[in-house]
Amino acid sequence: MARRPIALVTAAVLFLEAPGIVAINGIMAGFVEAQSMSLDGMDPDAMVAGTWGLGIGSGVALVLCGLVALLAGVRDRRPGRAGRGLLIGCAVVHGILGAVAVGLLGWGAFAFLMAVVGLVVLTLVAYGKTEEAAGAPGEAPAAV
């Protein structure tokens, strides 16, 4: 099975997406700062700091997800419980962002986000329960 290449491609895509999301949030923070925008009287500096914080936090989360996929591909073992949870969360967030992006940005952004969802889910499914782990513990393999 092509588990390793799938996990490595997933890691590469997530690593490339991380600086992109930080850059997009940086651009938005620049717009907020230049226009002195606020929401319901909130301090514009707080809006700029929040936008940068969200971008950096999202970038760090994507890098962590990429590391989980990279370790799974290099070791050729399924991620641990926390790693699987992180990848599941990554897939859910990309799915929600895809639903929002189709209305705001168009079908190209939707297609990219759904491709990332597909890669993350494929990585999770490819490293699902192995045949050895599916049997009862301590049970000898069946003779052929």
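**View 1. Contact between helices α2 and α3.** Helices are DSSP runs of H or I with at least four residues, strands are E runs of at least two, and both are numbered from the N terminus. The contact residues of α2 with α3 comprise seven nonpolar, two polar and no charged. Ala, Val, Leu, Ile, Met, Phe, Trp, Tyr, Cys and Pro count as nonpolar; Asp, Glu, Lys and Arg count as charged; the others, Gly among them, count as polar. This is a predicted model: local features need pLDDT of at least 70, side-chain atom pairs count only at pLDDT 80 or more, and totals for chains, interfaces and linings use all residues. Residues are numbered from 1 along each chain as its sequence is written, and side-chain values use heavy atoms, with hydrogens and water left out.

**View 2. Crossing of α2 and α3.** The axes of α2 (residues 44–75) and α3 (residues 81–104) come within 9 Å and cross at roughly 125°. That angle makes α2 oblique to α3. Axes are lines fitted to C-alpha atoms, for helices over the stretch in contact, with angles from 0 to 180 degrees between N-to-C directions. Under 35 degrees is roughly parallel, over 145 roughly antiparallel, 65 to 115 roughly perpendicular, and the rest oblique. The α2 and α3 crossing is left-handed (the near helix is turned anticlockwise from the far one by less than a right angle; clockwise is right-handed).

**View 3. D76 in the loop between α2 and α3**. Phi of D76 is near 55°, a positive value in a residue other than glycine. D76 is partly exposed, with a relative accessible area of 28%. Buried means under 20% relative accessible area, exposed over 50%, and partly exposed in between (1.4 Å probe, protein chains only).

**View 4. The aromatic pair of W107 and F110**. A search of the whole structure finds one aromatic pair. The ring centres of W107 and F110 lie 5.4 Å apart and the planes are at 85°, so the pair is edge-to-face. Rings of Phe, Tyr and Trp (its six-membered ring) pair if their centres lie within 6.5 Å; planes under 30 degrees apart are stacked, over 60 edge-to-face, the rest tilted. W107 and F110 sit three residues apart in α4 (residues 107–126), about one helical turn. W107 is exposed, at 63% relative accessible area, whereas F110 is partly exposed, at 26%.
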